Structures are given as structure tokens and as C-alpha cells.
Amino acid sequence: MKDTKVQWHPGFAAAMNLELMESRDGLVFEREYNLNTKPLEIDLLIIRKDKTTRVENEIGHIFRGHNILEYKSPEDHLNIDSFYKAQAYAALYKSYGETVDAIKADDITVTLVREARPKGLFRYFEENGCQVQKGGRGIYYIKGAVLFETQLIVSGELDKKSHIWLGALSDRMERADLEKLLENIRTLKEETDRDLADSVLEVSIGANKEIVEELIGDESMCQALMELLEPQIQKREKALEQALLKKGMKEGIKEGMKKGIQGTVAALRDFGHADAEIKTAIMNNYSLTQEEAERYLKALPEKMAAQEPQYEN
């Protein structure tokens with residue numbers, strides 16, 4: 001299979017959307033939320049529409065009005081600097097409210113997500129008196145040394161059955177895990193959910209090529225995989241087709257304009273206009289630069305222009 005870099009973050013946004021699908025109507029998901037005009041982005045911002053919205057998924061039990069999520073792929077480190085950077089993002093987000101203290105500090109939460117346990121970070125917490133409370137399998141609440149309510153999610157420790165979507169963001173999946181993911185995707189009825197699941201599946205396939213090749217070798221599983229990938233393939237083919245069509249239209253317009261200018265040059269020469277006058281005319285009518293206009297005049301010498309059909313008055 002083609003070796004391409006796995007795009008983990010779009011898959012994370014889709015996985016969180018699916019994890020919280022039971023409460024999704026009351027939430028707003030903002031991917032790569034810009035904190036500034038410069039490239040400073042939160043991986044995922046989830047805003048609760050109103051205080052009555054209850055998030056059923058245990059990952060969202062600490063959620064308040066504004067929830068900042070930072071995701072680290074299996075290739076990335078989650079260390080103490082990453083931890084404080086997430087706190088800084090939250091502080092910046094608070095400071096950008098429309099008015100002073102418009103966003104209350106106690107209405108903001110920070111969630112850090114990584115598949116493997118960040119042992120160095122946990123060791124730092126222990127050595128520096130930061131309290132870590134377990135909120136469930138793979139869920140840790142960080143107390144002390146934080147400005148905002150903060151949790152750390154170790155997705156590799158989460159219950160696989162309850163958190164199939166986050167669990168799929170792994171480069172260490174087993175065949176049974178991928179088969180279970182395919183089974184879950186087939187049960188989705190809504191188009192939005194299927195599109196989100198496609199993003200998760202794309203990450204899983206890209207990160208677990210050996211398992212995918214195993215499934216392709218299994219006729220029944222290969223068929224199931226192809227059925228799920230078919231809409232995605234069709235979308236990409238359609239997008240490519242539209243891009244090519246658009247390019248073709250642009251080329252057609254460009255060619256048509258070129259012929260139109262050549263016809264204008266020939267006609268004006270037939271009516272006895274000098275090249276200096278023609279150059280000014282085509283520059284004004286076709287928004288050409290002086291150099292472009294001169295190229296059209298050189299490309300159509302007077303002897304060729306005489307061979308062009310005469311234009312009627």
C-alpha cells in the first residue's frame with residue numbers, strides 16, 4: 001500500500017464528534033480554532049450551547065461552557081511544556097472575549113488526549129506535588145498547577161467498546177479492533193455520522209497498513225471494507241472530476257479570449273489602423289499589459305492579418 005503520512009488531527013475531530021454524538025445537538029465543534037491572526041490554533045473547541053446540555057459520554061463529564069481539546073498523535077510527545085501550552089491557549093481564549101471577563105475562568109476546561117500514557121508528565125506531576133485523580137479508565141483529572149479544570153485522556157486505556165472512535169486513532173490496532181470498527185460504521189444511519197466515520201477509518205487504514213492488507217486477503221472482509229470506502233472514493237473522484245472540469249473551463253475561456261484578441265488585431269489592421277493604435281485598443285479592452293499587447297501584435301504579422309476573413313461594416 002502507498003506509504004503516506006497519516007493525518008491524525010482531522011480523524012481526532014471526527015472521533016470526538018462521534019464520541020459525543022448523544023449530546024451533539026447541544027454542542028458546537030470548532031476545528032483548529034484560531035486564537036490570533038497568526039498561526040496559533042486550538043486543535044478542537046467544543047462550546048456547549050446552553051447550561052442545560054448534558055454530555056453523556058464520560059470524557060465530557062467535566063465539560064463547561066467552553067472546552068479546549070489538544071490532541072497528540074502517537075508520533076507526538078505530551079510533556080510538561082505541552083501541558084502548559086494548553087493552559088496558555090485556554091488563557092488566551094479567555095482573554096479574547098468580547099468584553100472584560102466575558103468568558104469566566106470557571107466556564108473553561110482543558111482536555112489533553114494521547115494514546116499512550118505520558119510517563120514523563122505523570123512523573124513530573126508526582127515530583128512537583130500536582131494531584132492526579134482518576135476519573136475512570138484512561139481519564140485523569142489534574143488538580144493544582146492549573147488555571148482551568150483540566151483532564152488528561154489516555155485513549156489506549158479507555159474501554160474499547162465504549163470508546164471505539166478514539167480507540168481507532170492508533171497505529172497499534174489488532175485485526176479484531178479494525179473488524180469491530182467496520183461493524184460499527186456499518187450501523188451508522190445518518191450521512192453526517194458516516195462522513196465523520198470515514199475520516200476516522202481513513203486514519204485507521206493509513207496507520208495500520210499490515211492489518212488492512214490482512215483484511216484485503218479475506219474475501220468477505222475485503223468486500224465489507226470496499227463497501228465502506230466506496231462513497232469516499234466516489235467523493236474523491238467527483239472532486240477530481242470537478243477540478244479537471246473547472247480547469248478545462250478556464251483553459252477554454254483563456255483560449256477563447258486569445259482568439260478574440262487575435263481577431264480584433266486582424267480586423268483593426270484590415271480597417272487601416274496602425275499597430276500603436278491597435279495596441280492601445282486591446283490593452284484597454286482586454287486589460288492587457290504593454291508587454292502582453294506587443295506579444296499579440298508580434299504573433300500576428302501584418303501579412304497573416306491580411307489572410308484573415310474580412311469583417312463587415
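Mentor: Asp101 is partly exposed, because its relative accessible area is 36%, and partly exposed lies between buried (under 20%) and exposed (over 50%), with a 1.4 Å probe and protein chains only. The model is predicted: local features need pLDDT of at least 70, side-chain atom pairs count only at pLDDT 80 or more, and totals for chains, interfaces and linings use all residues. Residues are numbered from 1 along each chain as its sequence is written, and side-chain values use heavy atoms, leaving out hydrogens and water.

Asp101 sits in the loop between α2 (80-95) and β4 (108-114). Helices (H or I, at least four residues) and strands (E, at least two) are DSSP runs, numbered from the N terminus. The phi of Asp101 is positive, near 60°, in a residue other than glycine.

Now to the strands. β5 (residues 131-136) pairs with β6 in the antiparallel sense, over five bridges; two strands pair if DSSP finds at least two bridges between them. Val132 faces Ile142 of β6 across this pairing. Two residues separate β5 and β6 in their hairpin. Gly138, in that turn, has a positive phi of about 80°.

β6 covers residues 139-143. Four of its five residues are buried. On to β7: β6 pairs with β7 too, antiparallel, over four bridges. Tyr141 has Gln151 of β7 as its bridge partner. Five residues lie between the strands of this hairpin, and Gly144 there takes a positive phi near 80°.

Thr150 belongs to β7, which runs over residues 149-154. Thr150 counts as buried because its relative accessibility is 1%. Look at its surroundings. Beyond neighbours within four places in sequence, Thr150 is in contact with Ile62, Phe83, Gln87, Val110, Leu112, Tyr140, Tyr141 and Ile142; contact means heavy atoms within 4.5 Å. Ile108 is 42 residues away from Thr150 in sequence, yet 9.0 Å away in space, C-alpha to C-alpha. The Thr150 side chain also reaches the backbone oxygen of Phe148, at 2.7 Å.

Last, confidence. The average pLDDT (the predictor's confidence in each residue, from 0 to 100) is 82 for the protein, and 79% of the residues score at least 70. Residues 303-313 fall below 50. Beyond near neighbours in sequence, that stretch has 13 contacts in the model. Where pLDDT is low, the predicted coordinates should not be read in detail.

Key. Polar contact = N/O pair within 3.5 Å; in protein donor to acceptor, adjacent residues only side chain to side chain.
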